[in-house]
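Biologist: Hi! Could you walk me through this structure?
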Amino acid sequence: MDQSIRSKALAILNRNRIMTVATLRPDGWPQATTVGYANDGMTLYFLCARQSQKVQNLARDNRASLTIGADSADPMAIDGISMAAHAEIVETADEISRISQLLLGKYPEYANFPINRDEIRVFRLTPKVISVLDYSKGFGHADLVEAGKKILIVYYSRTGTTRIVAEHLSRVMKCDLEAIAETGDRNGVLGYWRSIIEARRQSHPPITAPRKDPSQYDLVIVGTPVWAWSVSSPIRSYLAASRGKLPEMAFFCTLGGAGGDRTFNQMEGIAGKAPLIRCAIRAHDVTEGAYREQLNPFITALALPRYADPL
Ligand SMILES: Cc1cc2nc3c(=O)[nH]c(=O)nc-3n(C[C@H](O)[C@H](O)[C@H](O)COP(=O)(O)O)c2cc1C
């Protein structure tokens, strides 16, 4: 996050004490409530009664939206924050006592107020998208920042080309990497023909259980070599097994020269979901190093916020 936007956001968080949190009721109706908060950097904390509707809503769906701001007599001095965040219940005694200190720092009048810990829940709000409203930059001005998107790259590589691309993406985008491994042998001429046959037959060979759960990520990037104008069979197995658990997706492939579009269409069909973006890289360009430059639009498209302004 840009340092000046972060400073502005922190100033707003430190100056205010009250926020409106919207959670989702079981019937899908948004429920906005006012709560006091304390913050540690951009992470927010609040307390509420254990029996409250908010607690039930967040137990079902931990997505929350919140706003913080105050009235201003000067239109050009209006500022505020809107945030999409994930809410989690804080369980450990150490963290609860640290949060109690933060809250007391903000609300010293509660120092002698009796609070029964058994009757409350403490929530941590981790930001996902932050909109910082700052009319001093121009009437209606807001900066939108996407925070900490969790990205996983899943790939299969028989001879190392797709691995080079996957590892580069993981370095540049600072995200987790999962290499799909197989139980069977795919080396040599026999392995080559086995790969061709499986690609043509659209088979699902056994793969070893992936270590990472894709549903725990915001974006999963899947990379495959092209085999016989098709997705490689281990990635076919992975996508079929993960269908229904996949968040937003992006696809890349490496290939000799032909079959990229057909491969991407197959991946989309198996995953049951259209990717945000697709990128085909020639094996030759991986060897020559040109792939880094070719990946830049792919990386930029995935790094930019795609959310409408929550204000
Ligand atoms: C079994 C097999 C089939 C292939 N079929 C195609 C193809 O249809 N079109 C293509 O452009 N490249 C094809 N290739 C080339 C690979 O897609 C390319 O070399 C890829 O970068 C290999 O990735 P890897 O090193 O990660 O396994 C094929 C390679 C193999 C081994």
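Modeller: Happy to. Let's start with a packing detail: the buried residues of α5 pack against β11 (219-227), β12 (230-231) and α6 (233-242). Here contact means C-beta atoms, placed from the backbone, within 7 Å, and helices (H or I, at least four residues) and strands (E, at least two) are DSSP runs numbered from the N terminus. This is a predicted model, where local features need pLDDT of at least 70, side-chain atom pairs count only at pLDDT 80 or more, and totals for chains, interfaces and linings use all residues. Residues are numbered from 1 along each chain as its sequence is written.

Biologist: Which residues of α5 are buried?
Modeller: Ser195, Glu198 and Ala199. Buried means 20 or more other C-beta atoms within 10 Å of the residue's own, exposed means 12 or fewer, and partly exposed is in between; C-beta atoms are placed from the backbone.

Biologist: How are those buried residues arranged, seen down the axis of α5?
Modeller: They fall within an arc of 100 degrees, so they line one face of the helix; the arc is that of the directions from the helix axis to the C-beta atoms.

Biologist: And what is exposed on the other side of α5?
Modeller: Val189, Leu190, Trp193 and Arg201.

Biologist: How many helices and strands are in the chain?
Modeller: Nine helices and 14 strands.

Technical notes
Two residues are in contact if their C-beta atoms, placed from the backbone, lie within 7 Å.
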